[in-house]
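Colleague: I am new to this model. Please take a close look at its paired charged side chains, and explain them in one connected answer.

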Amino acid sequence: FTNRDDAELEQLKSTRRPGRPASARQDALQTRKDFEVEEFNTGFYMPDLMDKQNVKLFRDWNLEHSGIGHLRFVRIAKEGGLQIPRQDNLMDTME
């Protein structure tokens, strides 16, 4: 998934004249790829779907940003590990 834009990135790099800065599109694609690769390697946050109360809160969530603080999140690592952040640290790590 993280290499889905590689062909376009290579095309943008090859059509750029030597000495010219990267285009805005190339910068945006590279930034997105770098972020996604880093997230893939370190793990990503998602709602804890193993907790029944959290699943109910998630299903009832009205998609308002203010309601996200009521959900409990876990980090899923590339190796399959699961990290459960401390509740007092949760919002600090999400921002």
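**Salt bridges and their surroundings**

Modeller: Lys56 is exposed, at a relative accessible area of 52%; here exposed means over 50%, buried under 20%, and partly exposed in between, with a 1.4 Å probe and protein chains only. The model is predicted, so local features need pLDDT of at least 70 and side-chain atom pairs pLDDT 80 or more, while totals for chains, interfaces and linings use all residues. Residues are numbered from 1 along each chain as its sequence is written, and side-chain values use heavy atoms, without hydrogens and water.

Lys56 has a partner, Asp60, and the two side chains meet in a salt bridge with N to O at 2.7 Å. The term covers a side-chain nitrogen of Lys or Arg within 4 Å of a carboxyl oxygen of Asp or Glu. Both Asp60 and Lys56 belong to helix H3, where they are 4 residues apart, about one turn of the helix.

In the whole structure the search finds 6 salt bridges. One of them joins Glu36 and Arg4, whose closest N and O atoms are 2.9 Å apart. That pair links distant parts of the chain: Glu36 sits in helix H2 (residues 24–42), Arg4 in the segment before helix H1 (6–15), and 32 residues separate them. Glu36 is buried at 17% relative accessible area, whereas Arg4 is partly exposed at 36%. Arg4 has a further neighbour: it lies over the face of Phe1, at 4.0 Å from the ring centre. The rule for such a placement is CZ of Arg or NZ of Lys within 6 Å of the ring centre and within 35 degrees of the ring normal.

Another salt bridge is formed by Arg72 and Asp48, with the closest N and O atoms 3.2 Å apart. This pair also links distant parts of the chain: Arg72 is in the loop between helix H3 (52–60) and strand S2 (73–76), Asp48 is in the loop between strand S1 (44–47) and H3, and the two are 24 residues apart. Arg72 counts as partly exposed at 26% relative accessibility, while Asp48 is buried, with a relative accessible area of 3%.

Helix H2 also holds Gln26, which is buried at 7% relative accessible area. Leaving aside neighbours within four places in sequence, Gln26 is in contact (heavy atoms within 4.5 Å) with Leu9, Leu12, Lys13 and Arg16.

Met50, Leu82 and Ile84 form a nonpolar patch on the surface, with about 320 Å² of accessible area together. Of these, Leu82 lies in strand S3 (residues 82–83) and counts as partly exposed at 39% relative accessibility.

As background, the chain has 4 helices and 3 strands, in the order α-α-β-α-β-β-α along the sequence. Of its 95 residues, 19% count as buried. Among contacts between residues at least 6 apart in sequence, 44% join residues at least 24 apart.

Definitions and conventions. Patch = residues over 30% accessible without salt bridge, like charges linked within 9 Å, V, L, I, M, F, W, Y side chains within 5 Å. Areas by Shrake-Rupley, 256 points an atom, 1.4 Å probe, with all protein chains shown as cover.
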